[in-house]
There are 2 protein chains.
Amino acid sequence: MSAYRIGLLGHGTVGGAFDALLAERAQSIERITGRRPEITGVLTRSRGDFADLLERSDAIVELIGGVEPALEYVGRALESGLPVITANKQLLSRHGEELWSLARERGVTLSFEAAVAGVIPVVRVLRESLAGAHVERIHGIVNGTTNYILSEMTRSGSDYGEALAAAQRLGYAEADPTDDVGGADAAAKMAILARLAFSTPVHFDDVRFEGIAGITRDDIAYARELGLSLKLIGTAERLAGGISVRVHPAFLYAGHPLASVNGAFNAVTVESDAITEITMSGPGAGGSQTASAVLGDVVAAIGGAAALGEPLERLEVVEDVVSAFYVHMEVDDRPGVLAQIAKLLGDAGASIKSVVQRGIGERAQLMMVTHPLAQSSLRGALSAIGELDYVHASPRAISVIDEEFM
Amino acid sequence: MSAYRIGLLGHGTVGGAFDALLAERAQSIERITGRRPEITGVLTRSRGDFADLLERSDAIVELIGGVEPALEYVGRALESGLPVITANKQLLSRHGEELWSLARERGVTLSFEAAVAGVIPVVRVLRESLAGAHVERIHGIVNGTTNYILSEMTRSGSDYGEALAAAQRLGYAEADPTDDVGGADAAAKMAILARLAFSTPVHFDDVRFEGIAGITRDDIAYARELGLSLKLIGTAERLAGGISVRVHPAFLYAGHPLASVNGAFNAVTVESDAITEITMSGPGAGGSQTASAVLGDVVAAIGGAAALGEPLERLEVVEDVVSAFYVHMEVDDRPGVLAQIAKLLGDAGASIKSVVQRGIGERAQLMMVTHPLAQSSLRGALSAIGELDYVHASPRAISVIDEEFM
């Protein structure tokens with residue numbers, strides 16, 4: 001049969017790795033699919049012509065990243081009836097619904113395994129293996145940079161700035177790390193996973209996110225005494241009133257399947273009644289890992305993969321979620337302090353699961369873990385506690401994922 | 001569109017769970033695929049007629065298990081041009097090639113996600129996500145019963161018989177546990193995974209397997225001092241001369257992704273140059289988990305899934321594999337013993353990585369971990385060591401998976 005001609009947009013780290021991997025695996029793919037994939041042309045900022053590439057291609061692989069000009073190119077390729085494979089999480093979390101809809105209209109595939117969670121095939125698993133399941137919740141470590149930084153702070157006791165510098169030296173963090181450490185990168189990925197899991201439109205703007213720049217080495221050290229480890233966790237879950245999709249630092253108990261995922265790794269846990277839970281883990285996106293995920297989509301596209309279904313219903317985004325919390329306070333260590341703080345928390349509906357106190361005198365550190373309560377209730381209690389005269393600075397709170405696992 | 005009529009063979013634990021899950025999810029599947037799946041008839045030992053069921057079905061779901069009569073039914077269904085979905089590892093590890101070949105001829109799908117590793121979608125990941133990858137090695141904990149027993153021995157210090165009895169009480173082990181504890185169940189699954197990973201025919205008889213009945217609580221306790229945990233591990237790997245597919249107890253270092261998989265769980269690690277490694281874990285096959293995997297295949301079959309490709313080449317099965325080993329000996333504790341044993345091991349090419357000695361006098365226990373060497377060389381050295389007059393009983397050896405992970 002004829003060659004499968006791929007028009008490649010972008011030739012940076014991932015584009016270059018894809019080009020090399022495709023050449024290496026082309027013969028083996030031909031034996032599996034009957035068609036030999038080949039790069040028919042490359043478009044970069046400095047070379048190539050998009051209209052010409054469209055003419056000569058059976059599929060477009062978009063590895064430019066960012067919204068423009070990727071949006072224009074992907075839209076035009078789908079309009080022309082070409083399948084598109086992309087690793088672009090920004091594009092899909094902001095314009096996914098219009099692009100998936102266009103792909104359905106034209107009867108072509110828009111594939112995007114490489115946009116989320118590196119080599120972990122979570123997109124395929126959600127779209128296919130779990131298509132018949134009722135997914136209740138996804139927890140993910142979907143940003144390798146922040147997981148590396150938090151692992152390094154935990155391992156070496158270094159502070160955030162030192163760990164970030166180490167990540168930059170090793171190539172795990174960019175010179176401008178804002179998108180990663182601020183949580184926006186993880187938020188875009190969670191928007192895409194939530195769309196797949198719940199068949200409801202989820203836009204980047206629906207995801208509340210918070211990064212790791214405010215984490216101190218004390219948070220990590222004290223929480224360790226409570227048996228907790230700190231990760232930047234993305235959550236997508238069904239709630240009574242709709243769904244919640246969010247990204248924030250969270251403490252995990254040692255038995256949680258994500259607690260032992262260290263370094264520049266990604267991992268995703270999917271929960272549903274019928275399956276209980278599946279956990280998938282692997283290296284975060286490096287060039288060759290992303291290229292491998294793109295190549296899997298190319299193989300599927302040659303076989304003629306299905307388009308993503310229409311969203312089934314629009315679920316509301318719930319803002320006030322229930323969670324257990326780690327709370328850190330600096331207090332004067334004098335009689336009655338703990339009782340009064342516990343009362344304020346109790347009035348808000350927070351019962352205390354464990355307490356650690358450190359230091360004596362005017363600057364004692366008080367760390368607590370609560371049982372689950374509404375975020376808004378906790379916020380109210382912390383604001384009242386912050387006004388007590390023997391409490392220095394504002395109390396700090398970090399979510400604790402408090403599920404029981406084997 | 002019309003209903004998607006499923007003829008169901010078998011209505012035991014898994015068949016019943018599938019029936020119930022299908023009813024619960026039918027509407028949601030109709031929204032995704034456009035067709036509403038329904039059970040059009042059931043065949044069990046006591047009711048139903050196969051020829052009649054074939055007439056009335058769009059697909060056959062085979063949940064009888066065992067080779068006959070499943071082989072006849074699946075063959076006849078494929079002959080008639082019906083897609084078949086099966087959870088039958090015995091059937092596929094012994095007759096897979098003829099059935100896949102028949103399915104290709106007739107242009108229909110034979111799906112089997114539920115045959116391997118419970119809810120973990122490793123079949124789909126190998127067939128699709130990694131279709132373009134060059135898989136080097138798979139390590140799997142693919143039998144929940146044995147993993148439960150070994151976890152229980154580790155946790156409670158109980159011996160094999162006690163842990164087996166506990167597993168039986170909890171429903172994790174059958175009254176006749178032979179297939180699970182002897183390793184045959186895991187061997188059938190590894191044959192199927194190896195076929196997918198390497199695109200070469202792999203028959204159940206190509207898999208060497210050894211179970212866990214010989215494991216003592218001492219093995220587990222002493223190995224713990226060396227930082228090792230014991231699992232029943234299935235391995236499928238490419239070697240210089242071909243492939244090796246095998247199942248045996250193995251010790252893992254704490255950093256290995258499978259080392260922390262405890263209880264009745266399954267987990268699979270897939271390694272390839274481009275992806276480094278992916279690990280997937282989840283509950284071993286219970287009724288509802290298996291039913292969920294079958295349902296995922298039903299959804300794919302409605303969409304028209306691809307047939308499994310022809311095997312690409314026949315790779316030789318290599319018998320003498322290289323591994324690190326844990327060696328356990330009972331010796332008289334007297335001068336020169338360790339030196340002479342170390343020399344015999346050194347002559348065979350085994351260098352010692354760590355040693356633990358316990359007890360003194362006539363019945364000292366000597367435990368060693370070697371660096372990797374050929375199994376045949378180790379066997380030669382152990383046989384020579386066994387003949388030394390201060391060595392009591394035969395030395396015992398268990399593989400150690402000695403890869404470096406983060």
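Helix H5 of chain A, residues 122–129, packs against H5(B) at an angle of about 115°, and the two axes are 11 Å apart. That angle makes H5(A) roughly perpendicular to H5(B). The crossing of H5(A) and H5(B) is right-handed. Before I go further, note that this is a predicted model.

Which residues make the H5 contact? From H5(A) they are A:Arg124, A:Glu128 and A:Ser129, and from H5(B) they are B:Arg124, B:Glu128 and B:Ser129. Sorted by class, the contact of H5(A) with H5(B) has four charged and two polar residues, and no nonpolar ones.

Now the whole contact between the chains. On one side there are 46 residues of chain B, and they touch 45 residues of chain A. On the chain B side, the elements that give two or more residues are helix H1 (13–33), helix H5 (122–129), strand S11 (276–283) and helix H11 (287–303). The largest share on that side comes from H11(B), with 10 residues. What classes do the residues on the chain B side fall into? There are 24 nonpolar, 16 polar and six charged residues on the side of chain B that touches chain A.

There is also strand pairing across the two chains. Strand S11 of chain A, residues 276–283, pairs with S11(B) over three bridges, in the antiparallel sense. A:Thr279 has B:Ser281 of S11(B) as its bridge partner.

Chain A has an open sheet of five strands in the order S2-S1-S3-S4-S5, with parallel pairing. Which strands stand at the edges of this sheet? They are S2 (37–43) and S5 (110–111) of chain A; each has a single partner strand, so one side of each is left without a neighbour in the sheet. At the S5 end, strand S4 of chain A, residues 84–86, runs parallel to S5(A) and is joined to it by two bridges. A:Ile85 stands opposite A:Ser111 there. H11(A) packs on this sheet and touches S1 (4–9), S2, S3 (59–62), S4 and S5 of chain A. The direction of H11(A) makes about 165° with that of S4(A).

H11(A) also meets helix H1 of chain A. The axes of H1(A), residues 13–33, and H11(A), residues 287–303, come within 8 Å and cross at roughly 40°. The two helices are therefore oblique to each other. Their crossing is right-handed. Residues of H1(A) in this contact include A:Phe18, A:Leu21, A:Leu22 and A:Arg25, and those of H11(A) include A:Val294, A:Leu295 and A:Val299. By class, the contact of H1(A) with H11(A) has 12 nonpolar, seven polar and one charged residues.

Over to chain B. Here too an open sheet of five strands has the order S2-S1-S3-S4-S5, with parallel pairing. S2 (37–43) and S5 (110–111) of chain B are at the edges, each with a single partner strand, so one side of each has no neighbour in the sheet. Within the sheet, S1 of chain B, residues 4–9, is joined to S3 of chain B, residues 59–62, by four bridges, and the two run parallel. The bridge partner of B:Leu9 in S3(B) is B:Glu62. H11(B) packs on the sheet, touching S1, S2, S3, S4 (84–86) and S5 of chain B. The direction of H11(B) makes about 165° with that of S4(B).

Strand S16, residues 391–401, runs parallel to strand S9, residues 242–253, and three bridges join them. B:Phe251 stands opposite B:Val400 in S16(B). S16(B) also pairs with strand S12 of chain B, residues 322–331, in the antiparallel sense over seven bridges. In that pair, B:Val327 has B:Ala397 as its bridge partner.

Strands S13 (352–358) and S14 (364–370) of chain B run antiparallel, joined by six bridges. B:Arg358 stands opposite B:Gln365 in S14(B). How many residues lie between the strands of this hairpin? There are five, and in the hairpin B:Gly359 takes a positive phi near 80°.

Notes:
Residues numbered from 1 in each chain as written. Chains lettered and ligands numbered in written order. Predicted model: local features only at pLDDT ≥ 70, side-chain atom pairs only at ≥ 80, totals over all residues. Axes fitted to C-alpha atoms, helices over the stretch in contact; angles between N-to-C directions. Parallel < 35°, antiparallel > 145°, perpendicular 65-115°, else oblique. Left-handed = near helix turned anticlockwise from the far one by under 90°. Contact = placed C-beta atoms within 7 Å. Nonpolar A, V, L, I, M, F, W, Y, C, P; charged D, E, K, R; others polar. Pairing = 2+ DSSP bridges.
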